[in-house]
Amino acid sequence: MQAKAYVRGAVGALEAYAAEHRTYAAPTAEILRLAPELGEASEWSATGTKRTFQVQVRADDGRVFGLRRRANGHVERVCEPPGGGCHG
């Protein structure tokens with residue numbers, strides 16, 4: 001599913017940004033520079049702080065996929081509606 005690939009690209013962009021800037025609070029323009037494929041997604045968001053981030057992408061069928069990194073480093077999947085394709 002393409003939305004999941006966009007999520008992986010956004011997470012990679014945030015990780016790369018954080019490696020250099022010590023924060024996940026990357027400006028949108030920087031995320032798009034690091035993951036230009038996100039420009040093809042119909043709807044996406046990526047927010048971050050010094051230790052956390054959340055990425056969400058809406059698939060063509062309306063489902064939302066994403067990843068959330070907690071301050072303790074735990075990463076969890078986001079899927080709306082629950083159960084609809086969050087695996088993999």
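Reader: Which backbone oxygen does the side chain of Trp44 reach, and at what distance?

Author: In this predicted model, the side chain of Trp44 reaches the backbone oxygen of Leu38 at 3.4 Å.

Reader: Why is Trp44 called partly exposed?

Author: The relative accessible area of Trp44 is 21%. Buried means under 20% and exposed means over 50%; Trp44 at 21% lies in between and is therefore partly exposed. Trp44 belongs to strand β1. Leaving out residues up to four places away in sequence, Trp44 touches Thr28, Ile31, Leu32, Leu38, Gln56 and Val57.

Reader: What makes the sheet antiparallel, and what is the order of its strands?

Author: The sheet is open and has 4 strands in the order β1-β2-β3-β4, with antiparallel pairing. Its edge strands are β1 (43-48) and β4, since each pairs on one side only. From one strand to the next, the twist averages 10°.

Reader: How do you know that β2 and β3 pair?

Author: Pairing requires at least two bridges between two strands. Strand β2 (residues 53-58) and β3 have 6 bridges, in the antiparallel sense, and therefore meet that requirement. Within this pairing, Val57 has Phe65 in β3 as its bridge partner. Helix α1 (residues 2-21) packs on the sheet and touches β1, β2 and β3; the direction of α1 makes about 155° with that of β2.

Reader: What makes the contact between Arg58 and Glu43 a salt bridge?

Author: The side chains of Arg58 and Glu43 meet at 3.2 Å, N to O. The limit is 4 Å, so this pair counts as a salt bridge. The pair links distant parts of the chain, with Arg58 in strand β2 and Glu43 in strand β1, 15 residues apart. Both residues are partly exposed, because 34% for Arg58 and 44% for Glu43 fall between the limits of 20% and 50%. The structure holds 5 salt bridges.

Reader: Why are Arg68, Arg70 and Glu76 described as one network?

Author: Glu76 forms a salt bridge with Arg68 at 2.6 Å, N to O. Glu76 also meets Arg70 in a salt bridge, at 2.8 Å, N to O. Salt bridges that share partners join Arg68, Arg70 and Glu76 into one network. Glu76 is partly exposed at 22% relative accessibility, Arg68 is partly exposed at 22%, and Arg70 is partly exposed at 38%.

Reader: Why is Gly73 called partly exposed, and where does Gly73 lie?

Author: Gly73 has a relative accessible area of 32%. That value falls between 20% and 50%, so Gly73 counts as partly exposed. Gly73 lies in the loop between β3 (64-69) and β4 (75-80). Gly73 and Ile31 are 42 residues apart in sequence and 20 Å apart in space, C-alpha to C-alpha.

How values were computed:
Residues numbered from 1 in each chain as written. Predicted model: local features only at pLDDT ≥ 70, side-chain atom pairs only at ≥ 80, totals over all residues. Heavy atoms only, no water. Helix = DSSP H or I, 4+ residues; strand = E, 2+ residues; numbered from the N terminus. Buried < 20%, exposed > 50% of the residue type's maximum accessible area, 1.4 Å probe, protein only. Axes fitted to C-alpha atoms, helices over the stretch in contact; angles between N-to-C directions. Contact = heavy atoms within 4.5 Å. Polar contact = N/O pair within 3.5 Å; in protein donor to acceptor, adjacent residues only side chain to side chain.
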